[in-house]
Amino acid sequence: MSPRRNRQRGGAARQSPTPRDESGVRYGLESTEDWRGEEWAVRAVGGGAAAKHYRCPGCDQEIPPGVPHLVVWPRFGAGVDDRRHWHKACWNARDRRSARLQRSRNAPRY
């Protein structure tokens, strides 16, 4: 049995290295999505570039360092303080999620 090959063969075009900003920090590719009548910039952050703890606004759970996720902010009129870090699955399900209701421990779930 021959070993499995994980690399592409031949003259496949090589991707450019991961872009870096002026401070040398790696960041992912940026795209634009429409949500709630606004344009949002969405950037994927790889696990190696995720160095801090963040709180996902979609599920209100912590995103630990080293976990790939998305950074999302309004495209126009937004500053650094408007960026939010989302789990990818939470961002994809943002329209299907209801508001987070805080219930007491013994409250019924209906």
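User: Two strands pair if DSSP finds at least two bridges between them. What makes β5 and β6 a pair?

Analyst: The model is predicted. In it, β5 and β6 are joined over three bridges. The definition asks for at least two, so β5 and β6 pair, and their sense is antiparallel. Within these strands, Val-72 stands opposite Arg-84 of β6.

User: What is the order of strands in the open sheet?

Analyst: Its four strands run in the order β1-β2-β5-β6, with antiparallel pairing. From one strand to the next, the twist averages 35°.

User: Why are β1 and β6 called edge strands?

Analyst: Because each of them, β1 (30–35) and β6 (84–86), pairs on one side only.

User: How many helices and strands does the protein chain have?

Analyst: One helix and six strands. Along the sequence they give the pattern β-β-β-β-β-β-α.

User: Is Ala-44 buried, partly exposed or exposed, and how do you know?

Analyst: The relative accessibility of Ala-44 is 36%. Buried would need a value under 20%, and exposed one over 50%. Ala-44 therefore counts as partly exposed. This residue is found in strand β2.

User: Which residues is Val-42 in contact with, leaving aside neighbours within four places in sequence?

Analyst: Contact means heavy atoms within 4.5 Å. On that basis Val-42 is in contact with Leu-29, Glu-30, Ser-31, Glu-33, Leu-70, Val-71, Val-72 and Trp-91.

User: What share of the contacts in the protein chain with a separation of 6 or more is between residues 24 or more positions apart?

Analyst: That share is 43%.

User: What part of the protein chain counts as buried?

Analyst: With the limit at under 20% relative accessible area, 21% of the 110 residues count as buried. The accessible surface of the protein chain comes to about 9300 Å², and 46% of that belongs to carbon and sulfur atoms.

Technical notes:
Residues numbered from 1 in each chain as written. Predicted model: local features only at pLDDT ≥ 70, side-chain atom pairs only at ≥ 80, totals over all residues. Heavy atoms only, no water. Helix = DSSP H or I, 4+ residues; strand = E, 2+ residues; numbered from the N terminus. Axes fitted to C-alpha atoms, helices over the stretch in contact; angles between N-to-C directions. Buried < 20%, exposed > 50% of the residue type's maximum accessible area, 1.4 Å probe, protein only. Areas by Shrake-Rupley, 256 points an atom, 1.4 Å probe, with all protein chains shown as cover.
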